[in-house]
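Morning, everyone. One structure today, and I'll keep it quick. Please have the sequence and the model open.

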Amino acid sequence: MGIRNKADWRPLAWLAMAAGLLAVEYTWSHLVFYLFWLNCYFAITAGVIAHNHNHCPIFAGKRWNGLLGHVLSFFYGYPTFVWVPTHNLNHHKHVNRAGDATITWRITDRHNLFVAVTYFFVSVYHQSFPIKAFIRKAKATNPQLHRRIQWQYVIWLSAWLFMLLVGINLHGLRRGAVLWGLSIGLPALCSVWVITFFNYEQHVHTDPWSKHNHSRNFTGSLLNYLLFNNGFHGVHHDQPALHWSKLPAAHGRIAAHIDPVLNQPSLPIYCVRQFLLAPIWHSLGTRQVGRAPYDARGSRTSLACDESELGEAGSNSEMAAEGRVPN
Ligand SMILES: [Zn+2]
């Protein structure tokens, strides 16, 4: 099996706990009404683990990495291959500038609760284009990759359907459907929403042209423990292949060079200030740091995702690591 970094026992333990929680809820279905928030948390961590695994595969072996991809897809709520076209080959390349499918300023540059909450729909819609282009390209040039993508969809949907039928079989139609919804469906939706919300907050009003101010960091120790150091986003952009366990130390080495307003110690306090207080006291809200992402100043960029860039080997993803990204 061969784990490449011993720190990865923790995300694996988290996934085992997520599976254990499901087993408990499927046995004693009334517990799901008290524990579904924990399912939501584990689904969010599955998204974070999928991101980390995509940059830095957990296992040395190809087969185990593929298997883990299916487990992550189940909890995260979507086949994990999508991280390659939307994240590695797109977001990491353009970093919130034109061409990034997940830009925070597509409709408005305002930063308030409504924009932050609805960013999910805008982002997901525009991510569908690089995903479709990636699948088309795999179909045309890399049948093996295309088959693996198809299998991710088939296994993910079959596993979800299987769990729905098990719930109905054990607890009846209504109770079984509610059990599935609260333990799998809602947590998955919560996970993809939270992941896109994080992406929004990590980049809104930052300066993608700057060496150190291209991302916002959330440095609190509890958040970073619970989400595998996902708060240290700037240094992750600087070194995408660096293992998540090494991000705090790497962040510490450059923290003094980052604009202090981009190193936020607490995500909850930041959200209260931004969404509840700033609408009344405007000075408490975020403001553009440095040069805006849409201030291209002669750069040759385009809002549309260029299909030709999807084959660039600019990622360290599991698929790229296994030679599965078509060149
Ligand atoms: Zn990344």
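Confidence first, since this is a predicted model. Mean pLDDT for the protein chain is 90, and 91% of its residues reach 70 or more. Element by element, helix α1, residues 9-27, has the highest mean, at 98. Helix α12, residues 318-321, has the lowest, at 39. Look at residues 300-327: pLDDT stays under 50 throughout. The model still has 71 contacts beyond four places in sequence for that stretch.

Now the overall layout. The chain has 12 helices and 2 strands. In sequence order, that reads α-α-α-α-α-α-α-β-α-α-α-β-α-α. The radius of gyration is 20 Å, and the globule rule gives 20 Å for 327 residues, so the chain is as compact as a globular protein of that length. Along the principal axes, the C-alpha atoms fill a box of roughly 60 × 50 × 40 Å. Of the 327 residues, 38% count as buried. Take the contacts with a separation of 6 or more: 70% of them come from residues 24 or more positions apart.

Next, the core. The largest nonpolar core has 41 residues. Those with the most contacts inside it are Ala43, Ala46, Ile49, Ala50, Leu72, Phe75 and Tyr76. Which elements give two or more residues to this core? They are α1, α2, α3, α4, α5, α6 and α7. The most come from α2, with 10 residues. Zoom in on Ala50. Beyond its neighbours up to four places away in sequence, Ala50 touches Leu72, Tyr76, Thr80 and Trp83.

On to helix α5, residues 113-141. At 1.5 Å a residue, its 29 residues should span 42 Å, and the end C-alpha atoms are 43 Å apart, which agrees. There is a bend, though: about 40 degrees, at Tyr119. Tyr119 is also one of the buried residues of α5, along with Ser123, Gln127, Pro130, Ile131, Phe134 and Ala138. What covers those buried residues? The cover includes α4, α6 and α7.

Last stop, Gln274. This residue sits in helix α11, residues 267-277. Is Gln274 buried or exposed? The cut-off for buried is 20 or more other C-beta atoms within 10 Å. Gln274 has 20, so it counts as buried. Leaving out neighbours within four places in sequence, its contacts are His111, Gly285 and Thr286. Asn112 is 162 residues away from Gln274 in sequence, yet their C-alpha atoms are 6.9 Å apart.

That's the tour. Over to you.

Conventions. Residues are numbered from 1 along each chain as its sequence is written. This is a predicted model: local features need pLDDT of at least 70, side-chain atom pairs count only at pLDDT 80 or more; totals for chains, interfaces and linings use all residues. pLDDT is the predictor's confidence in each residue, from 0 to 100. Helices (H or I, at least four residues) and strands (E, at least two) are DSSP runs, numbered from the N terminus. Two residues are in contact if their C-beta atoms, placed from the backbone, lie within 7 Å. The expected span of a helix is 1.5 Å times one less than its number of residues. The bend at a residue is the angle between axes fitted to the seven residues ending there and the seven starting there. A residue is buried if 20 or more other C-beta atoms lie within 10 Å of its own, exposed if 12 or fewer, and partly exposed in between; C-beta atoms are placed from the backbone. A nonpolar core is a set of buried Ala, Val, Leu, Ile, Met, Phe, Trp, Tyr and Cys residues joined through C-beta atoms within 7 Å. The radius of gyration is taken over C-alpha atoms; the globule rule is 2.2 Å times the number of residues to the power 0.38.
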